[in-house]
Amino acid sequence: MTTVQTGIQPISTSRRVKDRVVQALVYLAFAIAVVPLLSVLWLVVKNGLARFDLEFLTHSMRNIGARDAGGGAYHAIIGTLEQVLFASLIAVPIGLLTAVYLVEYGSGGRLSRWISFFVDVMTGVPSVVSGLFVLAFWVLALGMPFSGFAGAMALSILMMPVVVRSAEEMLRLVPNDLREASYALGVPKWRTIVKVVLPTAFTGIVTGVMLAVARVAGETAPLLLTVFFTDSINNNPFNGPQMGLPLYVFDQAGRPTDTAIDRAWTGALTLILIVMLLNLVARLIAWWRSPAKRGS
Amino acid sequence: MAKQIEVSGLDAYYGAHKAIEGITMTIEPRTVTAFIGPSGCGKSTFLRTLNRMHEVVPGARVEGKVRLEDQDLYGPDVDPVSVRRTIGMVFQRPNPFPTMSIYDNVAAGLRLNGRFSRSELDGIVESSLKGANLWNEVKDRLNKPGSGLSGGQQQRLCIARAIAVRPQVLLMDEPCSALDPISTLAIEDLISSLKQDYTIVIVTHNMQQAARVSDKTAFFNLAGQGQPGKLIEMDDTSKIFTNPGQKATEDYITGRFG
Ligand SMILES: Nc1ncnc2c1ncn2[C@@H]1O[C@H](COP(=O)(O)OP(=O)(O)OP(=O)(O)O)[C@@H](O)[C@H]1O
Ligand SMILES: [Mg+2]
């Protein structure tokens, strides 16, 4: 028998069976994970399309009673876009600089271990707590008004750890060879980071930022405590209550009429579309910046 | 352009581990000096002390003196960044910047250090690529990414990048170890022509290569595991390969160990 002579044997039956079983389990897990996702998407699209029209996108809820048809989420769309924009403006620079410190400068020192620890703690902060914090600190203690900016601060607290962790991961993936190549050309460390390390990690960092944006765009609780609530358009993020899409959905879904429920579904659909659109834009930017675009 | 390097009583450490000890040598200008020796004897470490790249490794430090002409490279107010600008380096593995085009790779050292007009840059990029024997292969695709080149081309790109900043000394750590024989020959030719303008130091495991390209050869060895590496002897390459002064050198060159 050749098997005896060479020591090479056919795959044993038990391994074949194990392979099959594990394969089946993996597919099953995949299906279980995907079914809720698809069903949510389908429900939102099916119920949201009814009111997904121009009026919805261009009108607020001002002077529209709970039972009235019509009305829209323009004020909430503006609010969400402004709040997420300002949250990103706060969280992305701080998060990115933190990650740069941790990877490039901290090198396992005491300070960087403490920062890492607090980032982990921040990851676990429930969203309502970040809202409470801004409410207590900004609105109650400093006497500032409810505003989109206050909401953005609460959201930025939630964004920051996500940005730090993902950027850190991406920066660690940049091969040390590249840093050394740059140093060997007589480039100072900070320029090496700005011109070599960050561009190399750029695509990954953008993806991480988008994940963070997607996470906070759907937050309701911190907004309730910081931007408060309104039915009118407020373009100024620094003064007065604003609306946000999650708040809008929460509000409309709590009303007893079908027209309001329809508006809630459409609000949810709009939120999903906004996040998807932002994602698409980020991917385009990443693709446009990547060397692959120039061909190889 | 080319300058002499004088090393005296140099020790290098990684944390508490002493990797090389008591190295004293003179590296002549406009010559090629080869470092040979068994794996782990500290050739790379020593090479990296010459342009202060050693201290980039966390916990690493250097004792002793390295002088470029009359200047102590480890003097208290010497900027390591300007040392590295003066003494360029090519690494064992080709490491072009993946986000940059071929042109930008060559221009990187200049761009990252100061302002140059487009026409100045064009001139330097072309002359550096010609100097690295790569111009003809890439002149039609300067805007393509550097990572799209073959391994040998990438290594020549890295050499072009290193000579674009006009260093006075060029250190090369096994520049051909990842390359095929044809690219290796191309780089050896390149080294021979570069030596007119630069002081060149090359680490190699290839005895024939050391014999072919170098004028001086230094042999390093270590007494045993965990011991620091030392310079055993340094002399004209022809002498080292035909009539070395030390028994260990002869044993190594003839392949009896290492
Ligand atoms: N980054 C590092 N951290 C700690 N020890 C190191 C580091 N790099 C090298 N060493 C140690 O220093 C000694 C010399 O290493 P070095 O890389 O200089 O050897 P080498 O002569 O270049 O060997 P090779 O021919 O294999 O490249 C070795 O004992 C090695 O383990
Ligand atoms: Mg080495």
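Author: Our conversation takes up the ligand, an annotated domain, the pockets and the cavity in turn. Please note that this is a predicted model.

Reader: How many residues surround ligand 1, and which are the closest?

Author: The ligand is surrounded by 13 residues. Ser39(B), Lys43(B), Ser44(B), Thr45(B) and His205(B) are the closest.

Reader: What is the distance from an oxygen atom of ligand 1 to the side chain of Thr45(B)?

Author: An N or O atom in the Thr45(B) side chain is 2.4 Å from an oxygen atom of ligand 1. For Lys43(B), an N or O atom of the side chain is 2.8 Å from a ligand oxygen. Gly42(B) takes part through its backbone, where a polar atom is 3.0 Å from an oxygen of ligand 1.

Reader: How much of the ligand does the protein bury?

Author: The protein buries 62% of the 630 Å² that ligand 1 exposes when taken alone.

Reader: Which elements give two or more residues to that shell?

Author: They are strand 2 (17–27) and helix 1 (43–50), both of chain B. Helix 1 of chain B gives the most, with three residues. By class, the shell has seven polar, four nonpolar and two charged residues.

Reader: Turning to chain A, which residues does the UniProt domain annotation cover?

Author: According to an unreviewed UniProt entry, "domain: ABC transmembrane type-1" covers residues 77–282 of chain A. That span is 79% helix and 0% strand, and its end C-alpha atoms lie 19 Å apart.

Reader: What is the volume of the largest pocket?

Author: Its volume is about 500 Å³. The lining of the largest pocket has 25 residues, and the closest to the centre are Ser88(A), Val92(A), Val209(A), Met210(A) and Val213(A).

Reader: Which elements give two or more residues to that lining?

Author: Three helices of chain A do: helix 4 (74–106), helix 9 (189–217) and helix 12 (258–289). The lining of the largest pocket divides into 23 nonpolar residues, two polar and no charged.

Reader: And the second largest pocket: what is its volume, and which residues are closest to its centre?

Author: The second largest pocket has a volume of about 430 Å³. It is lined by 15 residues, and those closest to its centre are Glu104(A), Asn176(A), Lys189(A), Val56(B) and Pro58(B).

Reader: Which element gives the largest share of this lining?

Author: Helix 8 of chain A does, with four residues. The elements with two or more residues in the lining of the second largest pocket are helix 4, helix 7 (148–173) and helix 8 (176–184) of chain A.

Reader: How many residues of the second pocket's lining are charged?

Author: Five are charged, alongside eight nonpolar and two polar residues.

Reader: How many cavities of 30 Å³ or more does the structure hold?

Author: The structure holds one. About 50 Å³ of space lies in the largest cavity. Residues of chain A and chain B line it, among them Ala181(A), Leu185(A), Phe91(B), Cys158(B) and Arg161(B).

Reader: Which elements give two or more residues to the cavity lining?

Author: Helix 8 of chain A does, together with strand 6 (87–90) and helix 6 (151–164) of chain B. The largest share, three residues, comes from helix 6 of chain B. By class, the lining of the largest cavity has eight nonpolar residues, one polar and one charged.

Notes. Residues are numbered from 1 along each chain as its sequence is written. Chains are lettered from A and ligands numbered from 1 in the order in which they are written. This is a predicted model: local features need pLDDT of at least 70, side-chain atom pairs count only at pLDDT 80 or more; totals for chains, interfaces and linings use all residues. Side-chain values use heavy atoms; hydrogens and water are left out. A residue is near a molecule or strand if one of its heavy atoms lies within 4 Å of it. A polar contact is a pair of N or O atoms within 3.5 Å; within protein, one must be able to donate a hydrogen and the other to accept it, and residues adjacent in sequence count only if both atoms are side-chain atoms. Accessible areas come from the Shrake-Rupley method with a 1.4 Å probe; for residues, only the protein chains shown count as cover. Ala, Val, Leu, Ile, Met, Phe, Trp, Tyr, Cys and Pro count as nonpolar, Asp, Glu, Lys and Arg as charged, and the others, Gly among them, as polar. UniProt positions are given in the numbering used here, feature names are shortened, and annotations may be inferred rather than shown by experiment. On a 1 Å grid over the protein atoms alone, a cavity is a set of points where a 1.4 Å probe fits but cannot get out, and a pocket is an open set with protein on both sides within 12 Å along at least five of seven lines; lining residues have an atom within 4 Å of a point. Grid points are joined across faces, edges and corners, and a volume is the space filled by probe spheres set on the points.
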